[in-house]
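This briefing concerns helix packing and charged side-chain pairs in one protein model. Please consult the sequence and structure shown here alongside the points that follow.

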Amino acid sequence: MGDFNQSVVFDAIRRSSDGRSRVELVAATGLSAQTISNVVRRLLDGDLVVEAGKASSGPGKPRTLLRLNPAGAYAAGVHIDPAVMTFVVLDLEGSVVAHARRRTPIANDPRLVMSSIQDGLDRLIADSGVRREKVVGLGVAAPGPIDVERGTIVDPPHLLGWHRVPLRDALAESTGLPVLVDKDVTAAAVAEMWTGGANGVGSFVFFYLGTGIGAGLVLDDEVVRGASGNAGEIGHIVVDPGGAVCSCGLHGCIAATCTPQALVTEAERLGVLADTRLRSGAHDVDLRFTALCDLAAAGDAGARQILERSSARTAKAVAVLADLLDVDRVVFGGPFWQRFRPYHLERIPALLDELSVTRSIRRVQVVGTSAGEDVGAVGAACLVLERTLGPSAARLMLDA
């Protein structure tokens, strides 16, 4: 219970931009003054918070404010996408102090990818100026499915050859850091909770747009991971019954109609992009999708129609999730978000208003991520901060 109380107090301080006094922490947490005093002492001794001046709210002695010490600890994160790997180092406030990107080496060779992760991480920490002993752990965001208990990657559809790869243990051995592995969509949702301000509060769906499409789920400020840790697999929601055949055998699943590869294929079929039929790797799809978006931005009607149809299909999937979970908002993000952004934000809010069963009660917000373009890697590092310092029902059960 003591560890849970400490995480509750730490979180109450973290969520206050102006800092909080001990008296305010008693009111905010419901803990006794003595418990607050003991917990604050531990946080100060651990260099996690600092006393940051006085504040007066009326008669009586001014109160000492407590704020996070950004340099008290750091977390590293890496996001593995089949096309690009992103690395970050975060301070205790969740601010990025260093980041880097590199092309994912042959994505179907796990050993080559893990070697590149170790090298990229070592270089980033050295360049950041952060002492390595201040880095409390490494978070890794990867495409699912994931065996969270064992830290293994189990046959993700966009990483062929990754059959039960022991990613967590291999990276812990090579980097010397504690390692957490989670799904990229879950990591993105955690990033929004830690760094997204009002976007990351309450209940929301993080709609992840990468090489694949998925959803990170947060209900009442708690991440929903599911029984096996693989919640958020939404690829087989049917959004266009007359659409392309999916690998599952159905027509018009979102995975077969709205991913960058699906849109590139559609553009080639319609003659908007030249059908070279030469390569279809993740890097090539990335380049081709960028070319499609560039055409649309330049006024090509065919390219724009393809992206607008994608927005309309995506809106149907968003409506299913929003109705099922009754969330406050839908947050879009991921490696391809900026290219989708003009079309999704233009069309999806109005379409969601039409499709939502709760439209007569309230509107579901549709927003872009506040966590930035590196949301996957930021989320991976935030996983470390969340597991180490954040309050959760799971922590309470374990400590009880």
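**Helix packing and salt bridges**

Arg304 counts as partly exposed, at 29% relative accessibility (buried means under 20% relative accessible area, exposed over 50%, partly exposed in between, with a 1.4 Å probe and protein chains only). The model is predicted, so local features need pLDDT of at least 70 and side-chain atom pairs count only at pLDDT 80 or more, while totals for chains, interfaces and linings use all residues. Residues are numbered from 1 along each chain as its sequence is written, and side-chain values use heavy atoms, with hydrogens and water left out.

**Packing of helix 9 and helix 10**

- Helix 9 covers residues 282-297 and helix 10 covers residues 301-325 (helices are DSSP runs of H or I, at least four residues, and strands are runs of E, at least two, numbered from the N terminus).
- The axes of the two helices are 7 Å apart and the packing angle is about 110° (axes are lines fitted to C-alpha atoms over the stretch in contact, and angles run from 0 to 180 degrees between N-to-C directions).
- Helix 9 and helix 10 are therefore roughly perpendicular to each other (angles of 65 to 115 degrees).
- In helix 9, Phe289, Leu292, Cys293, Leu295 and Ala296 meet Ala303, Arg304, Ile306 and Leu307 of helix 10 (contact means heavy atoms within 4.5 Å).
- The residues of this contact divide into eight nonpolar, no polar and one charged (Ala, Val, Leu, Ile, Met, Phe, Trp, Tyr, Cys and Pro count as nonpolar, Asp, Glu, Lys and Arg as charged, and the others, Gly among them, as polar).

**Salt bridges**

- The structure holds 24 salt bridges (a side-chain nitrogen of Lys or Arg within 4 Å of a carboxyl oxygen of Asp or Glu).
- Arg304 and Glu346 meet through their side chains in a salt bridge of 3.0 Å, N to O.
- This pair links distant parts of the chain, with Arg304 in helix 10 and Glu346 in helix 11 (residues 337-355), 42 residues apart.
- A salt bridge also joins the side chains of Arg362 and Asp328, at 3.6 Å from N to O.
- Arg362 lies in the loop between helix 11 and strand 15 (365-368) and Asp328 in the loop between helix 10 and strand 14 (329-333), so the pair ties together parts that are 34 residues apart in sequence.
- Arg362 is partly exposed at 26% relative accessible area, and Asp328 is partly exposed at 29%.

Terms used
Parallel < 35°, antiparallel > 145°, perpendicular 65-115°, else oblique.
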